2 protein chains.
Amino acid sequence: MKKNWFFETDNVVSDLRVGYRIKRKIFSKKTEFQQIDICQTDKFGKILFLDGLTQASERDEFIYHEMMTQVALMIHGSAKKILIIGGGDGGILREVLKHKIEEAYLVEIDNEVIEASQKYLSTISKNSFNDKRVKVYIENGFNFVKQYANYFDVILVDSSDPIGPAKELFSSQFYKNVFKALKKDGIAVFQSGLTILQKKELKSVYEKNKKIFPIVKVYYASVPTYLVGDLGLILASKKIDPTRISKKTLDKNYKKLNLGTKYYNPEIHFAAFVLPNYLKDALR
Amino acid sequence: MKKNWFFETDNVVSDLRVGYRIKRKIFSKKTEFQQIDICQTDKFGKILFLDGLTQASERDEFIYHEMMTQVALMIHGSAKKILIIGGGDGGILREVLKHKIEEAYLVEIDNEVIEASQKYLSTISKNSFNDKRVKVYIENGFNFVKQYANYFDVILVDSSDPIGPAKELFSSQFYKNVFKALKKDGIAVFQSGLTILQKKELKSVYEKNKKIFPIVKVYYASVPTYLVGDLGLILASKKIDPTRISKKTLDKNYKKLNLGTKYYNPEIHFAAFVLPNYLKDALR
């Protein structure tokens, strides 16, 4: 491929290849777990790639990070203990810290993602790793969550795709452990693949969770650099239904918290759970 | 680029290049107006490219064609005379013909798009061009619409991008002519570019129409093969507000019509008009 282009690997959507014109490669390293690349582009700002796949761009990371975080935290209303699995770029952490929480645990398998992100993508983490409420664990997320029972209010699983180091995070056993680690009104959110091209993966996460949690809902975020189409997210909840929460309460809390979100708002909250017919059919 | 790949031209999003692995090229011709290519892929079925840019894939064309058509036709409720500008692949025509209309005019500048689509993309047009209610005009859409006053209930503008043969379809004069060609409760829909990367274009269509129509709303459709992100659509209406129509009426009509839509449903109708903060800000 051309010299000034970074082409994604094509192991997710094998008929499609996406390339970014890059101004320069800022960081490139093969770690124990994966290949990390950070490239500077003109239109998308800096982009973080793991194993050749886009994880976050400065231009649109807010969409994914807000939607992964704010939906669960807003419906919970008083979450104090948060667990983030993955999320080494710090974007979800930044969103979590906008709330009055006590502890945010971030469990990342690959320390080098955190180091490179802090160094080169500070626009995303915004100094969040230095917040006193944050505890970072360099560990396998699957093993970490096993040790907890009735402890977290919200667990956010910012995994990469079901291939590579994140594979275990798509297993029924993992979802059971997440259930156990959550308090009685706890909520978990799982990144679950592209709605149109990874329907099977989405359905699999949905069905596995349906056997464990009383409330499981699919919602989506349209993140431009996560080609192709919408990213499906799954919210699994012990008690609170994200689609039945009072709009008034949500509006009030949203105003009070002054989150400064660029994508999320209470109307988007409800709209994100509205599924097109093809997805409803796929989940049936 | 590699032999078995078709790479989009990069004149829309110059930092990004998208390539499709193709099984074979089915049709390729430089016409008086543009370069037409139809390629067979595995994951996306056949794809139609105009001047090297994806127009429709068999896999996801339903999203764009339903959202371009059903939102306006459903809120109108009794549209009889429809004008489609562009849309030579017949996808919008197919959606229009699901309603009890009297006449559907399709005005396409390039006859070869219609011919190639009828021959190779009949999964999209579904024999619609043979319907007795359909009148096809091979003409410039800008000039065509000028000749009409108070005639159409709904006008759907399925243009390509504001460069190339569709340029005039993004001018204030065109929107004025559309207004004049519509009856007193008429509705128009304009394809208006990608929400995050073509914000300026979207805003321009929005503002031009705001000076002409009393009701102008932005909504969006997430079409995977229209990388990157959501496609912005603009609905301009003389009387009916698409966000204030009764949900009950919409539900009732939707059931009665039995449209067989794979994306559109009455909940999606309202959700599509809910804008994230960054878009609200951009349109302010």
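In chain B, four strands form an open sheet in the order E3-E4-E5-E6, and their pairing is antiparallel. The edges of this sheet are strand E3 (24-30) and strand E6 (53-57) of chain B, each of which pairs on one side only. The model is a predicted one. Beyond the sheet, this briefing covers a helix of chain A, aromatic pairs and charges placed over rings.

**The sheet of chain B**

- Within chain B, strand E4 (residues 35-40) is joined to strand E5 (residues 46-50) by five bridges in the antiparallel sense.
- B:Cys39 has B:Ile47, in E5(B), as its bridge partner.

**Helix H3 of chain A**

- Helix H3 of chain A spans residues 111-120, and its buried residues include A:Val113, A:Ile114, A:Ala116 and A:Ser117.
- The strands of chain A against which the buried residues of H3(A) pack include E2 (16-30), E3 (35-41) and E4 (46-50).
- Strand E7 (103-108), helix H4 (122-125) and strand E8 (134-138) of chain A are also among the elements that the buried residues of H3(A) pack against.

**Aromatic pairs and a cluster**

- Over all chains, the structure holds 44 aromatic pairs.
- One of these is the edge-to-face pair of A:Tyr20 and A:Phe44, with 5.4 Å centre to centre and 85 degrees between the planes.
- This pair links distant parts of the chain, since A:Tyr20 belongs to strand E2 of chain A and A:Phe44 to the loop between E3 and E4 of chain A, 24 residues apart.
- A:Tyr20 and A:Phe44 are both buried.
- A:Tyr263 and B:Tyr278 form a stacked pair, with 6.4 Å centre to centre and 25 degrees between the planes.
- One aromatic cluster is formed by A:Tyr105, A:Tyr137, A:Phe144, A:Tyr148, A:Tyr151 and A:Phe152.

**Charges over rings**

- In chain A, the charged end of A:Lys262 sits over the ring of A:Phe62, at 4.6 Å from the ring centre.
- In chain B, B:Lys262 lies over the face of B:Phe62, 4.7 Å from the centre of the ring.

How values were computed
Residues are numbered from 1 along each chain as its sequence is written. Chains are lettered from A and ligands numbered from 1 in the order in which they are written. This is a predicted model: local features need pLDDT of at least 70, side-chain atom pairs count only at pLDDT 80 or more; totals for chains, interfaces and linings use all residues. Side-chain values use heavy atoms; hydrogens and water are left out. Two strands pair if DSSP finds at least two bridges between them. Helices (H or I, at least four residues) and strands (E, at least two) are DSSP runs, numbered from the N terminus. Buried means under 20% relative accessible area, exposed over 50%, partly exposed in between (1.4 Å probe, protein chains only). Contact means heavy atoms within 4.5 Å. Rings of Phe, Tyr and Trp (its six-membered ring) pair if their centres lie within 6.5 Å; planes under 30 degrees apart count as stacked, over 60 as edge-to-face and the rest as tilted. A charge sits over a ring if NZ of Lys or CZ of Arg is within 6 Å of the ring centre and within 35 degrees of the ring normal.
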